[in-house]
Amino acid sequence: MNRQREKRRSGAQVLRQLAGWAAFFGILFSLGLTALFVPAEIAEESWPAPGLDRRLSARIEAAIAPTVEGYVHVNKHYVIPEGRLPGVPEEQSFGQSSDPLEIQAVIERAGELLGGETVTGWTTETVLRPDTGVQYYYDETILVLVWQELSQGRICTWCEVKLADPSQLRRKLSGDRYGYSIRLPASQLAVQDNAVAAVSGDFYAFRQAGIHVYDGELYLVSGDNADTCFFDRDGDMHIVHRNEITTWEEAEAYIRENDIDFSVAFGPSVLENGVINVPYNYRWGENYNTYARAVLSQVGQLHYLFLCANCRAEGYDRFTMEEAAELMVSHGCTMAYALDGGQTAEVIFRGQTVNRPEFNFERQVSDVICFASALPAKKGGSE
C-alpha cells in the first residue's frame with residue numbers, strides 16, 4: 001500500500017514538472033512568434049528601438065518566473081505597470097544609522113541590485129553633519145541613501161538612488177496631468193505617489209522655459225531660453241542645450257528618435273564629461289550669486305545622485321552654481337543638471353522633508369521627481 005502511494009506521489013510530481021516545462025516552452029514559443037510576425041512598422045511604433053533588448057529581456061524574465069519557479073532559477077524582475085500607482089514601501093526596509101559599517105552592510109546586501117556598480121556619493125570615510133545619520137531604504141528593487149554633510153559650514157543634503165527598472169523613475173505632476181492649476185507641497189506629491197524618496201523638479205508651472213514632455217507627449221517648445229534634461233524610457237538622462245532644438249517639429253523628432261518619457265526644464269547643464277561649464281548669461285537660477293541649489297546627476301544605469309544645498313549655518317552664504325558643481329565632481333559625478341533651487345529645493349524621504357527649506361516651510365509646487373519600489377502591492381503594501 002505504501003509503495004503504491006509513493007508511486008502515485010512520484011507520478012504526480014513528474015506530471016507537475018512536465019506541466020511546468022510545457023508552460024515554460026509555451027511562453028517562449030509565443031514570444032518567439034510575436035517577435036517573428038509583428039510587422040516592423042508596428043513594433044517600431046509601439047516599442048521604439050533604444051533599449052529594446054534590455055526591456056524585452058526584463059519582461060520575458062517577469063513573464064516566465066512564476067511558471068518555472070521551483071524548477072530552474074530565474075531572476076525576478078518587477079515592473080510598475082503603466083498608469084498604476086506603486087505599492088507602498090515596506091516599513092521594515094527603512095532604517096537609519098551613523099555607523100559606517102552598518103551602512104556598508106546595507107550596500108553589500110544590495111550587491112545584486114547594484115550589478116557591479118558602486119555607491120558614488122557616500123563612502124565609509126564620509127563625514128556626516130554632527131548628530132545625524134544615514135537614512136536608507138533597501139528592497140530587491142531599490143536602494144536609497146540620504147545623508148547630510150557640511151561644506152565650509154554650509155549644509156548639503158545628498159540623495160543617492162539605484163533602481164531595478166525604469167518604471168520606478170517617475171515624474172509626479174500635481175493633479176497627474178500637465179497644466180493642472182492647483183499646486184501642492186513636494187512632500188504631499190511624494191506621498192500621493194507612494195515614493196520611497198523624491199527630489200525637487202523644475203516647477204514648470206512657474207515659467208515658460210525649455211522643452212516640456214510628460215508621458216511621451218510634447219507640451220511646450222521654448223528651446224531658445226533654457227537647457228532641457230530629457231529622460232528616456234530606459235531612465236537615461238539626455239541634455240539638450242539652448243538653441244539646439246527650437247521648433248515643434250524638431251522636438252517631436254527628438255522625442256521619437258530617443259524614446260523620451262519626460263523632461264525637466266530649468267538648467268543649466270553645469271557638468272559634462274567631468275568638466276564644469278556654468279554659463280554667464282543664463283536666464284534662470286542666478287548662477288553666480290549665492291543661492292539655494294538643486295542638482296541632479298546620473299552616475300550609472302538607473303543610478304542617480306542628487307544634491308540639495310539650501311541650508312546655511314549662521315554667518316555662511318549659500319552656494320554659487322559653480323560651487324555646487326564642484327561638490328558634484330567631488331562626489332564622483334561626471335555630468336550634472338541644475339533643477340529649480342531656492343525654496344523649491346528639497347529632498348523628501350519616507351514622506352518627510354529631510355533638509356530645511358528656505359524660509360522654513362515648503363513651497364507649493366507643480367512637480368517632483370519620484371523614486372518608487374517596484375514590489376507588487378501584496379509585498380510592498382496596499383495600492
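Which backbone nitrogen does the side chain of Glu160 reach? The side chain of Glu160 reaches the backbone nitrogen of Gly121 at 2.8 Å. The model is predicted: local features need pLDDT of at least 70, side-chain atom pairs count only at pLDDT 80 or more, and totals for chains, interfaces and linings use all residues. Residues are numbered from 1 along each chain as its sequence is written, and side-chain values use heavy atoms, with hydrogens and water left out.

**Glu160**

- Glu160 lies in strand β4, residues 154-163 (strands are DSSP runs of E, at least two residues, numbered from the N terminus).
- Glu160 is buried (under 20% relative accessible area, 1.4 Å probe, protein chains only).
- Glu160 has no salt bridge (a side-chain nitrogen of Lys or Arg within 4 Å of a carboxyl oxygen of Asp or Glu).
- The nearest side chain of opposite charge, Lys162, is 9.6 Å from Glu160 (Lys and Arg count as positive, Asp and Glu as negative; His and the chain ends are not counted).
- The side chains of Glu160 and His303 are joined by a polar contact of 2.7 Å (a pair of N or O atoms within 3.5 Å; within protein, one must be able to donate a hydrogen and the other to accept it, and residues adjacent in sequence count only if both atoms are side-chain atoms).

**The three-stranded sheet**

- Three strands form an open sheet in the order β11-β10-β12, with antiparallel pairing (two strands pair if DSSP finds at least two bridges between them).
- β11 (237-240) and β12 (260-264) are at the edges with a single partner strand each, so one side of each has no neighbour in the sheet.
- Strand β10 (residues 228-232) is joined to β11 by four bridges.
- Thr228 is opposite Val240 in β11.

Key
Buried means under 20% relative accessible area, exposed over 50%, partly exposed in between (1.4 Å probe, protein chains only).
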